[in-house]
Amino acid sequence: MSAKCIYLIGFMGSGKTTIGHALAKALHYEFVDMDHYIEKQQQLSIADIFMQQGEESFRLIESQALDQLSKDKNIVISTGGGTPCFHDNMSIIRQSGVSIYLKCSIDSLHQRLKHSQERPLVSNKSDKELKRYIRETLSTRKEFYQKADIRVIADVEIALLLRKILKKISHNN
Ligand code: S3P
């Protein structure tokens, strides 16, 4: 097993943080959630960064955070849903480690994001607006997510998903 970064990528609500924790534990790696890293560094919540500085600023901060974290080793990083899709981020990800795309259906993302209050891009949307947002945004983001080294269907129970990922990582090495 190489000692590079392992990146979890995928849409909001695809389970990147939950599986990231479990994966880091299984591999005895450090775990970093990029949104938490940014919040700690900026001393602001993601929602407040969006509100006070706008999305463009957030994307710059996010790209800088990725650049910093990409220099680390033995680390599992759960990225933000938009991380691979802005600036040169997918190249940084591909050059510095192994990337895993957690692929979920629109329906399961919709179920998981329905009650999300803390995500500025999906909070305050009606059910219909949310479903449309997921469908449209996923269709533009997919081309970035698909560049991951490993793709895994993530609409499954966590223990099974973890087993599938560990198996794919060992085949990837
Ligand atoms: C975003 C996803 C969020 C967070 C921000 C923007 C996106 O992360 O980075 O709200 O553009 O999809 P999660 O995917 O961890 O919710």
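**Note on helix contacts and selected residues**

1. H87 lies in the loop between β3 (75-78) and α4. Although H87 is not a glycine, its phi is positive, at about 50°. Helices here are DSSP runs of H or I with at least four residues, strands are runs of E with at least two, and both are numbered from the N terminus.

2. On the basis of the note: this is a predicted model, in which local features need pLDDT of at least 70 and side-chain atom pairs count only at pLDDT 80 or more, while totals for chains, interfaces and linings use all residues. Residues are numbered from 1 along each chain as its sequence is written, and side-chain values use heavy atoms, with hydrogens and water left out.

3. Q43 also has a positive phi, of about 55°, and is not a glycine. The residue is placed in the loop between α2 (34-42) and α3. Q43 counts as exposed because its relative accessibility is 67%; the classes are buried for under 20% relative accessible area, exposed for over 50% and partly exposed in between, with a 1.4 Å probe and protein chains only.

4. Helix α3 (residues 46-69) and helix α4 (residues 89-96) have axes that come within 10 Å and cross at roughly 10°. The two helices are therefore roughly parallel. From α3, the residues in contact are S63, L66 and D67; from α4 they are N89, I92 and I93. By class, this contact comprises three nonpolar, two polar and one charged residues. Contact means heavy atoms within 4.5 Å. Axes are lines fitted to C-alpha atoms, for helices over the stretch in contact, and angles run from 0 to 180 degrees between N-to-C directions. Angles under 35 degrees count as roughly parallel, over 145 as roughly antiparallel, 65 to 115 as roughly perpendicular and the rest as oblique.

5. For helix α5 (residues 106-113) and helix α6 (residues 127-145), the axes come within 10 Å and cross at roughly 130°, so α5 and α6 are oblique to each other. The crossing of α5 past α6 is right-handed (near helix turned clockwise from the far one by less than a right angle; left-handed if anticlockwise). On the α5 side the contact involves I106, D107, L109, H110 and L113, and on the α6 side D127, L130, K131, I134, R135 and L138. These residues divide into six nonpolar, one polar and four charged. In this classification Ala, Val, Leu, Ile, Met, Phe, Trp, Tyr, Cys and Pro are nonpolar, Asp, Glu, Lys and Arg are charged, and the others, Gly among them, are polar.

6. S123 sits in the loop between α5 and α6. With a relative accessibility of 15%, S123 counts as buried. Beyond its neighbours within four places in sequence, S123 contacts S116 and Q117.

7. F144 belongs to helix α6 and, at 23% relative accessibility, counts as partly exposed. Setting aside neighbours within four places in sequence, F144 contacts I9, P84, C85 and M90. The C-alpha atoms of F144 and V76 are separated by 19 Å, and the two residues are 68 apart along the chain.

8. Two aromatic pairs are found in a search of the whole structure. F50 and F58 form a tilted pair, with 4.8 Å from centre to centre and 40° between the planes. Rings of Phe, Tyr and Trp (its six-membered ring) pair if their centres lie within 6.5 Å; planes under 30 degrees apart count as stacked, over 60 as edge-to-face and the rest as tilted. F50 is buried at a relative accessible area of 13%, and F58 is buried at 3%.
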